[in-house]
Amino acid sequence: MRSFFFAAALIIVAHFAVADSGGPISPTGLMVDLLEHTDQVYRNGYPVDIPLEKVDKDAKDIQTTAICMPNPCFGWVVGDSRKDVLQTACRILVSTERKKSDNKIGDAWDSGKIENDNSVAVRYAGKSLEPNTVYYWRVQTWNNGIESPFSEPKAFITAPKLDPKTTSRYPLQKTDQPAVDVKTVTLNEQIGDSGSGNRLLQKRSCIDFGKAAFGQLTLTLTSTIDRKIKVHFGEAITEDGWVNRKPGGTIRYAEYELDVERGTKAYTIKFRSDKRNTGGAAIKMPDYIGEVYPFRYVEIENFVGNVEAKDAIRAMVHYPFDEKASTFECSDETLNAVWDLCKYSMKATSFCGVFVDGDRERIPYEADALINQLGYYAVDREFSISRYSHEYLIDHATWPTEWILQSVLMGRTDYLYTGNADSVTSHYDDLKAKLLLPLAGDDGLISTKTGKQTPELLKSIHFNGKELRDIVDWPHTGILGLGKAEGGETDGFVFTNVNTVVNAYHYRALCCMAELAGVLGKQDDAKFFTEKAQSFKKTFHEMLFDTKNGRYVDGIGTEHASLHGNMFPLAFELVPAGHRKSVMDFIRSRGMACSVYGSQFLMDAVYEAKDASYGLKLLTSKDERSWYNMIRVGSTISLEAWDNKYKPNQDWNHAWGAAPANIVPRWLMGVQPTSPGFATVRIAPQPASLQKAATTIPTIRGPIDVAFTNTEKEFSLELSVPANVKATVVMPRSGKTHEIGSGKHEFTDY
């Protein structure tokens, strides 16, 4: 078993700053409009050590992070290791020069002492910010009334044009990665004389980078002759360890010819563009990055020199990512491997700077983005790629009915995790339209099959197609190489005019919209959506629940019941308490009869029902339909499907297959925000038979550390909660709750 930190060891290595005196220290983790690294400068994607004020603004090879809001929001992590610490006030200084900031002169804005506990979304209220201008800001807090020192200054630059509806985000980043292994064989085939009278033997080398990534390749080769060689790129290898030239589906393989010259020279392969993933709807790579390709292995054929690991450098392209922001290790090696796969998938699939569906299309879809959003929040203190992806999809809606409704869920999740309502404010009317209320019948249930789709409706949701279609799960039968005898991924779902899954989504969207309306002070809307949701919930159960069999049918007009028709109502809290057991019994009987996309909601349903044992069984399963199978088949990024047989054209780089990235921290370790921006949090582990686990979960207010030891005799829990956060801790055996504040805490449950 690999080593990991448990209990006290985890707490000792706490991730937020601790002062020797135990009192307030300078705030850390300063963010402007949800971006922490606003002062980082890049040259063609590579981070460089150049101060913002020294940047040549006309240089085409330089990239910076531009703040677009004319009145941005500031946020920080309160520095204080004591127990039960809340920020009681803060003071922000914004300066036009570094020297003024060093001297604590806020000539753009000196907020004075603001008496409140807000540390995540404090609105700028100083002089009008100028476009394309560098500013410096710093903050101090009062913690339980005690004044802290000021933070170090943090610089940011404003965009050439300020726009309150544009989400600021980072440039894409390149990270150079050396190969980890090279296998070489010498062939018997001889080639021409080298000029010294020696006969040269051809060699075949396979380079392994350890994990797949979207990137570019530079080879440094030494040759005694001019020679044309072949370079093969792939995500998969054959049983004998060479790049698989026929991997199947859309698992990537490419071949390039390279003219090698005599001597030592570095060669960078320029990848061809693919018509499928560079079309009109695809996200294009920016010029400063260039085209990328997903690969783990590189095979060199027909070369006569030696190739070592140091000779191959892959420039991985990704959104800026903090590897140390999150950790998870436990006593189950399978779960460790699954977590590592899913966490890495978040980073590896961020190569476009917006969540896309993998490499086949490179098109954003709501379903991918929702799972990406939850996963990204769980592994990095980063919120801008999720917000940008969500807002992109508001304006570029895709065809499934349920996925339109997912935009409302994403809007609510964005606000819950950030505490910043800018996106909701800008897109409130769009989110209302995404409820699809014009599709409702007299009973309140919605349908795409009763003639209520109109051009006006489709325009209001920014959908350019002809009609919305219900999806339930993907793929269906009889498509993409699946024969009609093969069941697809919908568990035999029977599509009727009134679809149970679609309406479960509609209910959840109504609840989210009621909450968001309240946030913006739109009380009439909040009341309307709340009452609508309450009446809808009653109708949903009356019309769609099979009382005799204790489960939901797929829709009005069929007696068929599927996994999907039951897991979505349970996940979205539609099932009355008295029927949760029978619904969960049915769900358990169906196994993993859903796709990797559907598994997100299956796991939500299972843990919502507190069936931790079944949840752990699914997470650690080694069946064909499991996350472990993704590792077993050879991928290092989550797959688009459980296996090629379930989606013959699947990608090996699809983040919607990485649900455990969020399921493990949210449900197994039990950490979920209960108020915006993690002001309050619920920590309710569901360990089942897992003996030990330790995790660090990033939040906008700082990391939360959770570690437990679980024996027959007792359950021991250790926590580290950042300052300015309150937590409700629920013990898994007794159900006993503890209301706690910040600092380190220990609990025992019998």
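Tutor: Gladly, and element names come first: helices (H or I, at least four residues) and strands (E, at least two) are DSSP runs, numbered from the N terminus. This is a predicted model, in which local features need pLDDT of at least 70 and side-chain atom pairs count only at pLDDT 80 or more, while totals for chains, interfaces and linings use all residues. Residues are numbered from 1 along each chain as its sequence is written, and side-chain values use heavy atoms, without hydrogens and water.

Student: How do the axes of α14 and α15 cross?

Tutor: Axes are lines fitted to C-alpha atoms (for helices, over the stretch in contact), and angles run from 0 to 180 degrees between N-to-C directions. Helix α14 (residues 596-608) and helix α15 (residues 612-619) have axes that come within 8 Å and cross at roughly 150 degrees. The pair is therefore roughly antiparallel (over 145 degrees; under 35 is roughly parallel, 65 to 115 roughly perpendicular and the rest oblique).

Student: Which residues meet there, in α14 and α15?

Tutor: With contact taken as heavy atoms within 4.5 Å, α14 brings Leu-602, Met-603, Val-606 and Tyr-607, and these meet Ala-612, Tyr-614, Gly-615, Leu-616, Leu-618 and Leu-619 of α15. The contact of α14 with α15 has 9 nonpolar residues, 1 polar and no charged (Ala, Val, Leu, Ile, Met, Phe, Trp, Tyr, Cys and Pro count as nonpolar, Asp, Glu, Lys and Arg as charged, and the others, Gly among them, as polar).

Student: Now α14 with α17: at what angle do the axes cross?

Tutor: The axes of α14 and α17 cross at roughly 10 degrees and come within 11 Å, so α14 is roughly parallel to α17. Residues of α14 in this contact include Met-603, Tyr-607 and Glu-608, while Arg-666 and Trp-667 are among those of α17. The contact of α14 with α17 divides into 5 nonpolar, 2 polar and 3 charged residues.

Student: And how far apart are the axes of α6 and α10?

Tutor: They are 9 Å apart, and α6 and α10 pack at an angle of about 30 degrees. The contact of α6 with α10 has 12 nonpolar, 4 polar and 4 charged residues.

Student: How much space lies in the largest pocket?

Tutor: Rolling a probe the size of a water molecule over the atoms shows where empty space is left. On a 1 Å grid over the protein atoms alone, a cavity is a set of points where a 1.4 Å probe fits but cannot get out; a pocket is an open set with protein on both sides within 12 Å along at least five of seven lines; lining residues have an atom within 4 Å of a point. Points join across faces, edges and corners, and volume is the space filled by probe spheres set on them. Here the largest pocket holds about 970 Å³. It has 42 lining residues, and Glu-573, Glu-608, Arg-666, Trp-667 and Gln-672 are the closest to its centre. Elements that each supply at least two lining residues include α14, α15 and α17 (660-668). The pocket lining has 23 nonpolar, 9 polar and 10 charged residues.

Student: How many cavities of 30 Å³ or more does the structure hold?

Tutor: There are 4. The largest cavity has about 150 Å³ of space, and its lining has 3 nonpolar, 8 polar and 5 charged residues.

Student: Which helix gives the most to the lining of the second largest cavity?

Tutor: That is α4, with 3 residues.
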